[in-house]
Amino acid sequence: MSKNGIALITNTSHEIIAFPDPDLLKSLVPKSDVRRMALVYELPQKQIREAYDHYRTTKESHFISETNGQRYIVNVIPFPKSFPSEWQVIVVIPEQDVLGSVNIVLFQTLAVFAVIFLMSLLVVQLFSRRITGPIQQLTLETQKIEGFDLDEVVEVQSNIKAVSYTHLTLPTIYSV
């Protein structure tokens, strides 16, 4: 059970056999001093009344109920058939109580993933600049050679072996 969950025992007459608040177990018959067992439909907790209605209508023993925009996990467990009365235990727990910590872990995991992803993008960008920079410079120097602009040719420095081994050696032009 969670701190906000409620468990109760009811019978087929909709009477409450057991409830966390003992003051709600008995009810006065209107306009008399006679006490009777309280009915599920008289409980102040709307989520329990609606969950009970859903169970009575559908006979589902495990379902999600929604009341006032909040979701509840509902389990209905009948007493064993060997028990002399047809009683059932009804457990109504706010979904947030059960999944709250899971949602926190999920959010933290997504935040860590986002940070790692952004850092990896930064690393990839840095490495790509280290690779493409010398290649772009080599391309510019090649274009200068194609245009016979041989006075300004500069040797390209790079950590890439294929680029750093490319030495631009210009033929010596002899004049006769």
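**Strand partners and salt bridges**

Me: Which residue in β6 stands opposite Phe63?
Reply: This is a predicted model, where local features need pLDDT of at least 70, side-chain atom pairs count only at pLDDT 80 or more, and totals for chains, interfaces and linings use all residues. Residues are numbered from 1 along each chain as its sequence is written, and side-chain values use heavy atoms, with hydrogens and water left out. Strands here are DSSP runs of E with at least two residues, helices are runs of H or I with at least four, and both are numbered from the N terminus. In β6, the residue opposite Phe63 is Val74.

Me: How many bridges join β5 to β6?
Reply: Two strands count as paired if DSSP finds at least two bridges between them. Strand β5 covers residues 62-67 and runs antiparallel to β6. The two form a hairpin with two residues between them, and Asn68 in the turn has a positive phi of about 50 degrees. The number of bridges joining β5 to β6 is six.

Me: And what is the bridge partner of Pro78 in β7?
Reply: β6 also pairs with β7 (residues 87-94), again in the antiparallel sense. That pairing runs over seven bridges. In β7, Pro78 has as its partner Gln88.

Me: Is Glu95 buried or exposed?
Reply: Buried means under 20% relative accessible area, exposed means over 50%, and partly exposed is in between (1.4 Å probe, protein chains only). Glu95 has 18%, so Glu95 counts as buried.

Me: How far apart are the closest N and O atoms of Lys46 and Glu50?
Reply: Both residues lie in helix α1 (residues 46-58), four residues apart, about one turn of the helix. Lys46 is partly exposed at 34%, and Glu50 is partly exposed at 28%. They form a salt bridge, and the closest N and O atoms are apart by 3.7 Å.

Me: How many salt bridges does the structure hold?
Reply: Among them is the one where the side chains of Glu42 and Arg36 meet at 2.3 Å, N to O. The structure's total is three.

Key. Salt bridge = Lys/Arg side-chain N within 4 Å of Asp/Glu carboxyl O.
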